[in-house]
Amino acid sequence: MKVDRRSFLGLGIGAVAGIAVSPMGMKLTDDSSIWTQNWPWTPVPVDGEVTYESSVCSLCPGSCGISIRKIDGRPVKIEGLAEYPVNYGGACLHGIAGLQYLYDPARVKTPLKKNGDKFEEISWDDAIAIIAGKLADIRKSNSPEKLACIVDKEQGSVSGLFKRLLKTFGSPNFYTMPSLESYLELTAEALHGEGQTIAFDLENASFVLSFGAGIIEGWGSPVNCFKANASRKERKAKLYQIEPRLSNTAANADKWIPIKPGTEADLALGICAVILEKKLFDSTATTNFKGGLNKFGALLQKDYTPSKTAEITGVKASDIEKIATLFAKAKMPVAVFGKGRGDGAQSLKELAAVHTLNCLVGNINKKGGAFVQPKFKYLEFADEVMDSIADKGFAKTKTGNYVNQLIEKLNASSQPVVEALFVYNANPCHSLHDPKTIKQAIGKIPFVVNFSSFLDETAMEADIILPSHTFIERLEDVPSSAGLAKSVVGLTKPVIEPVFNTKNPGDAIILIAKALEGNVAQSFEWETYEECLEGMAGEIWDSLSEDGFAIISEEVPSESVPVNISFLANNPATVQAQGDFELTLIPIDNMRLISAGVSVSPFAIKTVSDKVLKGKDIVVDINPLTARGFKDGDYAMLTTPKGTVTVILSMNEGIMPGVIGMVEGLGHTFDNKYVSNKGINVNDLIGPVIESGSGLDAAFGIKAKISKA
Amino acid sequence: MSEIENKAENGSTESAGEGTAGEAKDDKGLGLGVIFFIVAFVACFLSGTLLFPKLLYSKKEQPFNFDHVLHADEAGDCETCHSLREDGSFTGIPKLATCLDCHSEDVLGETEDEATFVEEYVVNEKEVPWHVYSRQPDSVFFSHAAHTEAGGMDCISCHGHIGESTSSRPYEENRITGYSRDIWGKNIFGIKKHSWDRMKMDDCAACHKKETGHQGYCFQCHK
């Protein structure tokens with residue numbers, strides 16, 4: 001027998017047949033199909049026990065109750081908390097994406113110290129020691145007022161602790177970023193006296209006259225406003241929206257009244273004029289007016305007649321009269337201010353003029369109207385221990401009334417007017433106008449400490465970063481503030497062990513205070529922030545810790561409040577946009593983006609339409625009549641006195657001719673591949689314009705032109 | 001005549017000649033071929049049946065030995081440790097916290113396994129990384145409550161007599177899929193004698209058909 005190729009053929013066939021009859025083929029087919037359906041590199045959520053914990057979201061001033069779903073203790077999802085008396089189960093896209101902030105690529109993982117251009121990691125003990133050392137030097141030089149602090153808001157225990165630290169140190173230089181809350185207080189102070197604030201009862205109002213307030217675009221407490229707006233049809237309530245662009249709120253309103261940008265105050269005064277002229281005002285309410293109602297009336301009859309107002313604002317004279325009549329005759333009318341989200345630049349003239357409408361028709365402290373009441377207080381701080389340095393320093397005048405004035409002073413002076421700066425929960429180097437000058441001003445301060453959770457534009461300018469827990473990891477009281485009709489305090493609770501080497505900002509301040517020794521340390525006798533909060537919350541601590549919130553008041557305030565009209569009666573000048581170009585660039589607030597405090601999450605930025613952000617390019621709204629020679633989607637050069645950028649034009653008949661709308665909240669430059677280097681920061685193109693009389697940055701926009709790219 | 005044609009002609013004559021002479025050779029070749037076939041068939045069949053499973057599965061030892069009998073005697077039933085949560089989801093293998101209902105940092109028994117448990121896991125507050133014999137692929141949704149509570153089934157129907165084991169057998173992991181051998185079953189041909197021998201989709205469907213009259217729909221388990 002000879003072994004030939006047929007033998008080998010037999011061998012081959014035998015091998016194949018043997019394998020085929022064995023279970024190997026069947027098993028491998030089965031396994032490969034399972035493998036392809038469960039790719040091993042695809043992350044699979046771990047199974048485990050499901051639990052829910054309730055907390056409060058503090059990403060924006062809205063303060064919504066949230067329910068966090070956890071699997072075996074790991075938070076996996078955020079939902080709205082049904083029983084929370086602000087959002088009643090609703091949640092916005094930023095809230096539900098809140099967990100992404102825990103693992104954000106820009107998170108500061110441990111305290112950092114700047115060395116040259118780079119940050120190096122240091123321990124908490126070293127960081128606190130360095131800060132205490134620098135502060136002690138400032139105090140020794142007898143100029144404690146040279147310590148300044150910028151935080152996001154006035155209310156709340158953490159802001160309270162910063163304020164306390166500054167006061168006991170001897171500095172009056174405590175600043176808050178512009179916010180709807182600050183504008184409400186400012187307006188109340190101008191018209192009703194110090195210590196007051198304003199709230200709007202949108203849930204019950206029958207006629208809402210909104211001067212650009214983005215009621216469904218993040219104004220006030222966003223989810224609460226969504227709900228109030230959603231119930232409008234059922235309640236047969238009306239919404240008239242006054243703004244230059246057909247925003248979502250305008251599209252949803254009963255009537256959109258296009259207006260030339262920056263003339264909202266004039267329109268409000270024009271409406272006041274009609275109300276006074278036609279005697280549509282509430283005569284009992286006007287008895288509370290002081291400071292020259294007659295003078296005010298005379299001014300209106302002279303400068304704000306319907307025809308003159310029509311000329312200034314672009315709104316027809318007949319419409320002005322109609323709006324005035326409808327507003328004054330409505331059962332529960334309310335006029336609402338705060339353009340867009342309400343935290344951008346505003347002029348006191350506009351805020352006061354709009355609120356005067358509420359005062360004239362007598363809906364102050366009435367259901368469905370505007371509530372004027374003292375700023376709500378729920379924390380009881382023990383008296384500070386002051387020494388002579390603290391007393392002397394604290395008694396000095398503030399460097400400026402507002403952040404923008406502080407920045408201006410810093411840039412104007414060759415000597416550092418501030419030696420050390422604390423920044424918490426604020427990103428002025430992105431969210432204020434002309435960030436370049438802000439960076440320049442902060443660069444002049446020899447020592448900057450930032451308490452940010454993220455290495456954002458402002459944190460990049462710091463000398464020391466003391467990273468804070470995110471709102472998922474920390475304990476904090478969260479008062480409702482943004483114009484909400486009822487006063488609610490919620491408790492943000494840690495629902496996960498800190499992911500990184502961070503601390504509660506409250507604990508960080510206590511550590512700094514203790515390291516400073518003397519009267520400062522004596523004013524901070526708590527061991528931990530938790531102990532401090534529990535003590536300060538006093539009576540409401542039980543309901544805060546058990547229910548997660550405490551309602552301080554939900555009744556319509558009953559007090560009758562005086563109205564001081566002198567600010568408007570003195571005919572303050574209207575702020576004009578900077579520059580000589582023909583067009584006006586205005587910022588637009590979009591619900592899907594965040595323009596203050598934290599930056600937008602990777603999830604939320606992915607939801608932005610390509611009519612706003614296309615790839616990495618920003619899209620601006622422009623009326624086809626204004627953009628003659630261009631087609632929809634064309635690239636163009638947009639120039640303002642502050643610079644030139646490339647944009648994509650979106651032809652939009654829903655924006656007034658002569659106006660260009662650019663979204664706010666894009667153009668971040670810090671290290672976060674999901675969020676940064678997308679679009680342009682509109683603030684880079686707008687410079688501050690200071691309103692004389694109030695000192696506020698009231699730049700509603702800036703003059704601009706477009707040219708071929 | 002061209003060279004090519006010549007070659008072609010010669011070739012065909014040669015092959016024809018070989019064809020006639022080759023018949024006797026073929027017989028021998030076929031005989032050998034059959035032997036080769038049989039040898040190769042048997043060798044491959046046996047390796048596909050006996051060697052292949054050994055290659056396909058990697059054996060992993062459990063972190064330490066677990067005595068079900070001992071624990072079931074103490075606890076009384078399966079549910080003490082393997083329970084349903086309030087929301088109907090199944091706890092599966094108990095977490096350390098459940099173990100600590102009875103155990104503590106003081107070693108209870110005298111076995112080496114108990115010592116390992118206490119020293120490595122209880123003291124360090126670390127979960128025991130048990131290998132789960134019965135874990136289904138991630139693409140499968142399975143509700144224990146629907147079967148044990150609503151359907152009234154007992155644990156043994158699917159899990160067999162694991163509760164009567166005194167030691168933990170090695171966990172066999174499929175190198176391709178990463179899942180337990182228990183899903184396909186110990187028998188590589190997929191032959192089963194008991195209801196718990198195999199837990200493939202067909203087994204679910206067969207039982208559903210028998211018990212409910214319908215094998216069920218895709219989305220009931222593959223959500």
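**View 1. Chain A as a whole.**
In this predicted model, chain A contains 25 helices and 28 strands, and its C-alpha trace spans about 130 × 65 × 50 Å along its principal axes. The radius of gyration of chain A is 29 Å, which agrees with the value near 27 Å that a compact globule of 709 residues would have. Of the 709 residues of chain A, 55% count as buried. Among the contacts in chain A with a separation of 6 or more, 75% are accounted for by residues 24 or more positions apart.

**View 2**

**View 3. Where chain A meets chain B.**
Here 30 residues of chain A are in contact with 34 residues of chain B. On the side of chain A that touches chain B, the elements giving two or more residues are helix H1 (5–21) and helix H2 (24–37) of chain A, and H1(A) gives the most, with 12 residues. Sorted by class, this side of chain A has 16 nonpolar, 8 polar and 6 charged residues.

**View 4. The two domains of chain B.**
Chain B is divided into domain 1 (3–58) and domain 2 (61–93 + 130–221), and 5 residues of domain 1 of chain B are in contact with 6 residues of domain 2 of chain B. On the side of domain 1 of chain B that touches domain 2 of chain B, helix H1 (3–56) and strand E1 (57–60) of chain B each supply at least two residues, with the largest share, 3 residues, coming from H1(B). The residues of this side of domain 1 of chain B divide into 3 nonpolar, 2 polar and no charged.

**View 5. A pair of packed helices in chain A.**
Two packed helices are described by the angle between their axes and the distance between the axes. Helix H10 (residues 264–277) and helix H12 (residues 293–303) of chain A pack at an angle of about 110°, with their axes 9 Å apart. Angles of 65 to 115 degrees count as roughly perpendicular, and H10(A) and H12(A) are therefore roughly perpendicular to each other. From H10(A), the contact is made by A:Leu269, A:Cys272, A:Ala273, A:Leu276 and A:Glu277, while H12(A) contributes A:Gly297, A:Leu300 and A:Gln301. By class, the contact of H10(A) with H12(A) has 5 nonpolar, 2 polar and 1 charged residues.

**View 6. Helix H7 of chain A and its buried residues.**
In helix H7 (residues 222–230) of chain A, the buried residues are A:Pro222, A:Val223, A:Asn224, A:Cys225 and A:Ala228. These buried residues of H7(A) pack against strand E3 (74–80) of chain A.

A:Leu135 lies in helix H4 (residues 124–140) of chain A and is buried, because 24 other C-beta atoms lie within 10 Å, where 20 or more are needed. Not counting residues up to four places away in sequence, A:Leu135 touches A:Leu147, A:Phe169, A:Ala420 and A:Leu516. A:Leu135 and A:Lys392 are 257 residues apart in sequence and 16 Å apart in space, C-alpha to C-alpha.

**View 7. The surroundings of A:Val418.**
A:Val418 is found in the loop between helix H17 (403–412) and strand E15 (420–424) of chain A, and A:Val418 counts as buried because it has 25 C-beta neighbours inside 10 Å. Leaving aside neighbours within four places in sequence, A:Val418 is in contact with A:Lys146, A:Ala148, A:Asn173, A:Thr399, A:Leu410 and A:Ile445.

**View 8. Two residues with positive phi.**
A:Tyr88, in the loop between E3 and helix H3 (93–96) of chain A, has a phi near 40°, a positive value in a residue other than glycine. With 15 C-beta neighbours inside 10 Å, A:Tyr88 counts as partly exposed. A:Asn677, in the loop between strand E27 (659–663) and strand E28 (702–708) of chain A, has a positive phi of about 55° although A:Asn677 is not a glycine. With 13 C-beta neighbours inside 10 Å, A:Asn677 counts as partly exposed.

How values were computed:
Residues are numbered from 1 along each chain as its sequence is written. Chains are lettered from A and ligands numbered from 1 in the order in which they are written. This is a predicted model: local features need pLDDT of at least 70, side-chain atom pairs count only at pLDDT 80 or more; totals for chains, interfaces and linings use all residues. Two residues are in contact if their C-beta atoms, placed from the backbone, lie within 7 Å. Helices (H or I, at least four residues) and strands (E, at least two) are DSSP runs, numbered from the N terminus. Ala, Val, Leu, Ile, Met, Phe, Trp, Tyr, Cys and Pro count as nonpolar, Asp, Glu, Lys and Arg as charged, and the others, Gly among them, as polar. A residue is buried if 20 or more other C-beta atoms lie within 10 Å of its own, exposed if 12 or fewer, and partly exposed in between; C-beta atoms are placed from the backbone. The radius of gyration is taken over C-alpha atoms; the globule rule is 2.2 Å times the number of residues to the power 0.38. Axes are lines fitted to C-alpha atoms, for helices over the stretch in contact, and angles run from 0 to 180 degrees between N-to-C directions. Angles under 35 degrees count as roughly parallel, over 145 as roughly antiparallel, 65 to 115 as roughly perpendicular and the rest as oblique. Domain bounds come from an automatic or database domain assignment.
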